[in-house]
Amino acid sequence: MRFVTLIGLMGAGKSTVARVLAARWGWQAMDLDAYVEARENATVAQLFGARGEHGFRQAEAAALTDALQGRRRLLSTGGGAPTAPGAMDAILAAGPAVWLDGSPRVLAERATAQGGRPLLAGRDPEAAAQVLELQLRTRRAHYQRATARVSVDGKTPEQVADAVEEALAAAGHSPGRRLDVALGDRTYPIHLIDDLPGALVADVARHLRPRPGVAVVVTDANVGPLYAAEVTDALTAAGFRAPVLTLPAGEATKSLESLGRVLDFAFAHQASRRDLLIALGGGVVGDVTGFAAAVLHRGVDFVQIPTSLLAQVDSSVGGKTGVNHATGKNLIGAFWQPRAVVASQRVLRTLPEREVRGGLAEALKHGLIADARLATWCSEHAPRLRALEPDAVAHLVEACCRIKADVVASDEREGGRRAVLNFGHTFGHAYEKLLGYGTLTHGEAVALGMVLAAHLSEAFADAPRGTAAVVRGLLADLGLPHDPRAPGLPGLRDLVDAAHTDKKAHGKSVGFVLLPRIGSVLIRELHWRHIENALAPVFDGGAARER
C-alpha cells in the first residue's frame with residue numbers, strides 16, 4: 001500500500017489525523033486544500049469569492065488528479081472533493097480511502113471554532129450543523145464507497161489515527177511503519193512494509209544527496225530469481241542504472257573472495273563515490289555488501305533490503321558488516337551504517353521453514369536480553385510466527401528493530417552496551433565453526449549458544465534456578481534446537497577450544513553476556529576454566545563427546 005486518502009465532512013480532523021499517521025509511517029502528509037492554494041496562488045476563501053463554489057471545485061478536481069500521482073502519501077481532501085465526477089474512482093484506484101465520520105453537530109462546533117470555512121462564514125454552530133447535515137445527505141453515497149469508516153466523535157486525533165490503522169488492517173491493508181535509528185547527528189530509517197520493496201527503494205535512492213547514477217544490486221542465487229527484477233525495474237524506471245551481481249547462496253559466500261567480487265563488479269560498472277550499493281538478500285548478502293560499501297572509494301552509500309527473518313530482526317540493523325575468516329566468524333569487517341533499511345513482509349513468504357525458525361531464534365534473543373514480555377509473546381504466538389502470519393511477524397520485526405535501534409544508538413561501535421546483543425553468540429559461533437558454516441543455520445547455532453549462556457547465568461549471574469530450563473522451553477516452542485547433548489553436536493572441550501577465537505576473548509578469559517533474569521543482561525569476565533567447570537554437568541560430567 002502506497003497511498004491512503006482521508007475523506008469526510010469539514011471539521012472531521014482529516015488534515016490533523018493525516019499528519020499523525022504520516023509521522024508514524026514515515027509518509028508524506030498532503031492537504032488537498034493547501035495544494036489547491038499553492039497551485040492557484042490564492043486562498044480557498046479567495047477562490048470561492050472570485051470563482052464561486054463551482055470554480056473552486058474545478059480547481060480542486062485538477063489538483064486531486066495531480067495529487068494522486070504520488071507514493072507513500074496520506075492525502076486529506078476537502079469535504080466535497082470526493083463528489084466530483086470520477087473522483088472516488090480515482091481515489092480508490094490509488095489506494096484505500098477512509099471516511100472520517102462524525103455527528104454534523106459536533107463537526108460544526110469544531111469547524112466554526114477553527115474558522116476559515118467559506119461555506120460556514122457568519123453562521124453560528126446551530127446553522128452550521130444544518131449546512132453539514134445537508135452536505136452529508138448529498139455526499140453520503142460517495143463517502144460510503146470508502147474502504148473503511150471511522151467515527152471521530154469523542155476521540156483525540158491520536159485515537160482516530162489508531163482506529164484508522166485498525167480499520168485498514170481489518171481491510172487487508174498494511175501501511176507499514178518507519179523507525180529511525182539515531183546515531184548522534186546521523187539518522188537513518190527502517191521501513192517496515194508489506195509491499196514488495198522496489199518502489200520504496202527507488203524512492204529512497206531518488207532522495208539521496210548527491211543523487212546516485214548507478215545503483216549496484218548485490219543478491220544471491222536464491223533471492224535474485226525471486227525479487228531482483230522487481231527491484232531493478234523500479235530503479236530503472238526512476239532513472240538509475242541498476243546492474244545486478246548474483247553471488248552463491250550460503251554462509252560460505254561470506255568471504256574475502258566475495259568481497260573482491262563485489263568490488264570488481266562495482267568498478268566494472270563505473271560506480272563512483274556518489275553511487276549506491278543495494279544489498280538484496282539475507283544476512284550474508286547484507287554483511288558482504290555493507291563491507292564492500294565501507295571500503296569502496298573509502299565509503300559509499302548502501303541500502304539494506306533484508307529478505308530473511310533473521311536479517312530483518314537483527315543483522316540488517318546497526319551497521320555491523322564483515323566477512324568470515326578460517327580463524328573465526330565475523331573477524332574482518334567494519335561498522336558502516338546503511339542509508340536506509342527496507343524490510344518487506346511479503347518477501348518472507350518464500351522462506352524455507354528452517355530459515356524462519358533461525359530468524360525466530362534471534363528474535364527470541366532480543367526478548368531475553370531486553371523485554372521479558374516479548375520473550376513470552378514469542379512463545380504464546382509461536383504457531384502464528386512459524387506460519388508467518390503477517391500481523392504477528394510485523395509485530396515481531398518492529399519490536400526487535402526497536403530494541404536493537406535503542407541499543408545501537410547508545411553504543412554504535414560496541415564499546416560497551418552493544419555487546420549485550422551477542423547473547424548466545426560466543427558458543428553459537430563455536431558451533432558454526434566446528435560443524436562447518438551452513439550445517440547449522442546461524443539461528444540454530446545461537447539457540448544452542450543461548451542454552452549454554454543460560455546455564456552460565458545460573459552459575460555466575462545469580463539467575464534463578466530453572467532459567468536455563470525456561471530458555472530451553474521457549475526455544476522448543478519455536479521449533480529450535482535446545483539440547484547441547486543431541487547426537488552429532490560437539491562436546492564441551494571442543495566448544496571451549498573453538499570459542500577462544502571469539503572477538504570478546506582475552507587470553508584465559510572472555511567477556512560473557514549473561515542473564516541475571518529474563519529481560520535483563522550483564523557482561524561478566526569469565527575464565528575459560530570456570531566456564532568449562534560450570535558447564536560440565538550439562539555435558540554428562542564434562543567429557544568431550546565425539547563428533
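This briefing covers cysteine pairing and aromatic ring pairs in the structure above. The model is predicted. A search of the whole structure finds 0 disulfides, and the count of aromatic pairs comes to 3.

**Cysteines**

- Cysteine 378 has its closest cysteine sulfur in cysteine 400, at 6.4 Å, which is too far for a bond, since a disulfide needs the two sulfur atoms within 2.5 Å.
- Cysteine 378 is buried, with a relative accessibility of 1%.
- For cysteine 401, the closest cysteine sulfur is also in cysteine 400; the distance is 7.1 Å, again too far for a bond.
- Cysteine 401 has a relative accessible area of 1% and is therefore buried.

**Aromatic pair: tryptophan 99 and tyrosine 143**

- The two rings are 5.4 Å apart centre to centre, with 45° between the planes, and the pair is tilted.
- Tryptophan 99 belongs to strand E4 (residues 97–101) and tyrosine 143 to helix H6 (residues 125–143), so this contact ties together parts that are 44 residues apart in sequence.
- Both tryptophan 99 and tyrosine 143 are buried.

**Aromatic pair: phenylalanine 427 and phenylalanine 512**

- The ring centres of phenylalanine 427 and phenylalanine 512 lie 5.8 Å apart and the planes meet at 50°, so this pair is tilted.
- Phenylalanine 427 sits in helix H17 (residues 425–435), while phenylalanine 512 is in strand E16 (residues 509–517); the pair therefore ties together parts that are 85 residues apart in sequence.
- Phenylalanine 427 is buried at 1% relative accessible area, and phenylalanine 512 counts as buried at 3% relative accessibility.

Definitions and conventions: Residues numbered from 1 in each chain as written. Predicted model: local features only at pLDDT ≥ 70, side-chain atom pairs only at ≥ 80, totals over all residues. Heavy atoms only, no water. Buried < 20%, exposed > 50% of the residue type's maximum accessible area, 1.4 Å probe, protein only. Phe/Tyr/Trp six-rings, centres within 6.5 Å; stacked < 30°, edge-to-face > 60°. Helix = DSSP H or I, 4+ residues; strand = E, 2+ residues; numbered from the N terminus.
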